[in-house]
Amino acid sequence: MTADRERDVFEAVLTLLREGDYDALTMDNVATRARASKATLYRRWQGKPQLVAAALRHQTPDDSDYLDTGSLAGDLHEIARRAGGAALQDFWVLLRALSRAMHAHPELADAVYESRVEPELRTMRAVVDRAVDRGEVAAMNPALGFLAHLVSGATLARPVVERAEADAEFLGR
């Protein structure tokens, strides 16, 4: 499958998720919307959970390898800027919409974890490890284990608590 065809499939998945919900999305609907065959979809992805997770991952490509500003504060501000940027706003909306489905479908939760969450956790671990190596923070500081929770929690909760998206300015504060 060419990169253009793959992008068409991912856009079909994301559009269908925005129009409905995970349970309403079917491989038939994706195939029709993307003008692809179901066989092609199943050859490339094992099933709907993997396809949805791949579409979410494609939506915001991983550029975390380039995250090293030289300081813990700088790295955390860059993480906040990225998490609150326009490129990720739609992802957070879709993730909130998928949260119920992820509880009901463990295979979806696993696929999203592997494709979206684990790479972000690796980035956070690398940021913390570099900060420890530079002597900016003690390795045993108990707050270090909560950095990922703080960023994702603030991003997911602000729309509920304040009825506003967690933009880069908010996350930076």
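Me: Why does Arg 35 count as exposed?

Reply: Happy to start there, with the reminder that this is a predicted model. Exposed means over 50% relative accessible area. Arg 35 has 74% relative accessibility, so Arg 35 counts as exposed. You will find Arg 35 in the loop between α2 (27-34) and α3 (38-44).

Me: What makes the phi of Arg 35 worth a look?

Reply: Most residues other than glycine have a negative phi. Phi of Arg 35 is near 55°, a positive value, and the residue is not glycine. Arg 163 also has a phi near 55°, again positive in a residue other than glycine.

Me: Where is Arg 163, and is it buried or exposed?

Reply: Arg 163 sits in the loop between α8 (147-161) and α9 (168-172). Its relative accessible area is 76%, and the cut-off for exposed is over 50%, so Arg 163 is exposed.

Me: Why is Ala 34 called buried?

Reply: Buried means under 20% relative accessible area. Ala 34 comes to 3%, so it counts as buried. This residue belongs to helix α2.

Me: What does Ala 34 touch, beyond residues up to four places away in sequence?

Reply: Its partners are Arg 5, Asp 8, Val 9 and Ala 12. Take Asp 8: it is 26 residues from Ala 34 along the chain, and the two C-alpha atoms are separated by 5.7 Å.

Me: How do you know that Gln 59 is buried?

Reply: The relative accessible area of Gln 59 is 18%, and the limit is under 20%, so Gln 59 is buried. Gln 59 is part of helix α4. Leaving aside neighbours within four places in sequence, Gln 59 is in contact with Leu 14, Arg 18, Asp 90, Phe 91 and Leu 94.

Me: What makes α4 a mostly covered helix?

Reply: The count does: 10 of the 12 residues in α4 are buried. They are Lys 48, Pro 49, Leu 51, Val 52, Ala 53, Ala 54, Ala 55, Leu 56, Arg 57 and Gln 59. As for length, α4 reaches 16 Å from its first C-alpha to its last, close to the 16 Å expected at 1.5 Å a residue.

Me: Why are α4 and α7 called roughly parallel?

Reply: Helix α4 (residues 48-59) and helix α7 (residues 106-133) pack at an angle of about 25°, with their axes 8 Å apart. Angles under 35 degrees count as roughly parallel, and that makes α4 roughly parallel to α7. The crossing of α4 past α7 is right-handed.

Me: Which residues make the contact between α4 and α7?

Reply: From α4 come Pro 49, Gln 50, Val 52, Ala 53, Leu 56 and Arg 57. From α7 come Glu 107, Leu 108, Ala 111, Val 112, Ser 115, Arg 116, Pro 119 and Glu 120. By type, the residues of this contact divide into 8 nonpolar, 2 polar and 4 charged.

Me: Why are α5 and α7 called roughly antiparallel?

Reply: α5 and α7 pack at an angle of about 165°, with their axes 9 Å apart. The cut-off is over 145 degrees, and α5 and α7 are therefore roughly antiparallel. In this pair the crossing is left-handed. Leu 72, Asp 75, Leu 76 and Ile 79 of α5 meet Met 124, Val 127, Arg 130 and Ala 131 of α7. The contact of α5 with α7 holds 6 nonpolar, no polar and 2 charged residues.

Me: How do you know that the length of α5 agrees with what a helix should span?

Reply: At 1.5 Å a residue, the 12 residues of helix α5 (residues 72-83) should span 16 Å, and its end C-alpha atoms are 16 Å apart, so the two agree. The buried residues of α5 are Leu 72, Asp 75, Glu 78, Ile 79, Ala 80 and Ala 83.

Me: What is the secondary structure of the protein chain?

Reply: The protein chain has 9 helices and 0 strands. Buried residues make up 40% of its 173 residues. Among contacts between residues at least 6 apart in sequence, 63% join residues at least 24 apart.

Conventions. Residues are numbered from 1 along each chain as its sequence is written. This is a predicted model: local features need pLDDT of at least 70, side-chain atom pairs count only at pLDDT 80 or more; totals for chains, interfaces and linings use all residues. Side-chain values use heavy atoms; hydrogens and water are left out. Axes are lines fitted to C-alpha atoms, for helices over the stretch in contact, and angles run from 0 to 180 degrees between N-to-C directions. Helices (H or I, at least four residues) and strands (E, at least two) are DSSP runs, numbered from the N terminus. Angles under 35 degrees count as roughly parallel, over 145 as roughly antiparallel, 65 to 115 as roughly perpendicular and the rest as oblique. A crossing is left-handed if the near helix is turned anticlockwise from the far one by less than a right angle, and right-handed if clockwise. Contact means heavy atoms within 4.5 Å. Ala, Val, Leu, Ile, Met, Phe, Trp, Tyr, Cys and Pro count as nonpolar, Asp, Glu, Lys and Arg as charged, and the others, Gly among them, as polar. The expected span of a helix is 1.5 Å times one less than its number of residues. Buried means under 20% relative accessible area, exposed over 50%, partly exposed in between (1.4 Å probe, protein chains only).
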